[in-house]
Amino acid sequence: MPSVSMTVNGKAVSGEVEGRTLLSQFLRDDLHLTGTHIGCDTSQCGACVVHVDGKAVKACTMLAAEAEGTEVRTIEGMANADGSLGVIQQAFQDHHGLQCGFCTPGMVMSAADLLAQNKSPTEAEIREYLEGNICRCTGYHNIVKSIQAAAEQLA
Ligand code: FES
Ligand code: FES
């Protein structure tokens, strides 16, 4: 099987993958980074969002082989160095931006990408940006509030 190498959360990793192995499968099954969730077979739910070279990507839409040589960041890489929750994660906790939590890793990764591009997004911009992330629990209100709170803190 061909081998693939990349940096994940600042650490060099490599593995042998089949050509059809998705990045989401490589992260979960080979690297055991199970914070990247898989919520659909149709690339719609956004639970699998990670950053590849600084941009949000649905990890189920990319082959592991395509990530060769890239820098990948997953939800596990969003915590502070001491293991405490990062700013966006903490904001989700403080503002009740989750219920079951299944969508949350993808929401946090998408929010981080949005805030990297737009430091003070409007509510409408947040809602539009989250179009690719589906939450079946929260009604989105507290997710939006969480991202607004994180934006204020990061400003
Ligand atoms: S698992 Fe990737 S979008 Fe649903
Ligand atoms: S918190 Fe349950 S799917 Fe979003």
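Predicted model: local features only at pLDDT ≥ 70, side-chain atom pairs only at ≥ 80, totals over all residues.
**Entry 1: the β1-β2 hairpin**

I began at the hairpin of β1 and β2, where two residues sit between the strands and Asn-9 takes a positive phi near 50°. I am taking helices (H or I, at least four residues) and strands (E, at least two) as DSSP runs, numbered from the N terminus. Residues are numbered from 1 along each chain as its sequence is written, and chains are lettered from A and ligands numbered from 1 in the order in which they are written.

Asn-9 is found in the loop between β1 and β2. I looked up its surroundings too: Asn-9 counts as partly exposed because 18 C-beta neighbours lie inside 10 Å. The cut-offs I use are 20 or more other C-beta atoms within 10 Å for buried, 12 or fewer for exposed, and partly exposed in between, with C-beta atoms placed from the backbone.

**Entry 2: the sheet**

Five of them form an open sheet, ordered β2-β1-β5-β3-β4, with mixed pairing. The edges belong to β2 (11-16) and β4 (55-58), each with a single partner strand, so one side of each is left without a neighbour in the sheet. On average, neighbouring strands here are turned by 40° against each other, direction ignored. For pairing I ask that DSSP finds at least two bridges between two strands.

I then checked two of the pairs. β1 and β2 run antiparallel and are joined by six bridges; Met-6 has Val-13 as its bridge partner in β2. β1 (residues 3-8) and β5 (residues 71-73) run parallel, with two bridges joining them. Thr-7 is bridged to Glu-71 of β5.

How many of the six residues of β2 are buried? I found that the count is zero, and β2 is hardly covered.

**Entry 3: helix α1 and Phe-26**

I moved on to α1, where Leu-23, Ser-24, Phe-26 and Leu-27 are buried. The cover over the buried residues of α1 includes β2 and β3. For contact I require that the C-beta atoms of two residues, placed from the backbone, lie within 7 Å.

Phe-26 got a closer look. This residue has its place in helix α1 (residues 23-30). Phe-26 counts as buried because 26 other C-beta atoms lie within 10 Å. Which residues does Phe-26 contact, leaving aside neighbours within four places in sequence? I noted Gly-15, Val-17, Thr-21, Leu-31 and Ala-64. I also checked Phe-26 against Asn-9 from my opening entry: they are 17 residues apart along the chain, and their C-alpha atoms are separated by 14 Å.

Just after α1, His-32 takes a positive phi of about 60°. Further on, in the loop between α1 and β3, comes Ser-43. Its phi is near 60°, again a positive value in a residue other than glycine. Buried or exposed, with 11 C-beta neighbours inside 10 Å? Ser-43 counts as exposed.

**Entry 4: α2 against α3**

My next stop was a helix pair. Helix α2 (residues 87-94) and helix α3 (residues 104-117) pack at about 125°, and their axes are 10 Å apart. I take axes as lines fitted to C-alpha atoms, for helices over the stretch in contact, and angles run from 0 to 180 degrees between N-to-C directions. That angle makes α2 oblique to α3, since under 35 degrees counts as roughly parallel, over 145 as roughly antiparallel, 65 to 115 as roughly perpendicular and the rest as oblique.

I wrote down the contact: α2 brings Ile-88, Gln-89 and Phe-92, and α3 brings Thr-104, Val-108, Ala-111 and Ala-112.

**Entry 5: Ala-111**

Ala-111 lies in helix α3, and is buried because 29 other C-beta atoms lie within 10 Å. Not counting residues up to four places away in sequence, Ala-111 touches Ile-88, Ile-147 and Ala-150. I also looked up Tyr-129: 18 residues separate Ala-111 and Tyr-129 along the chain, and their C-alpha atoms are 8.3 Å apart.
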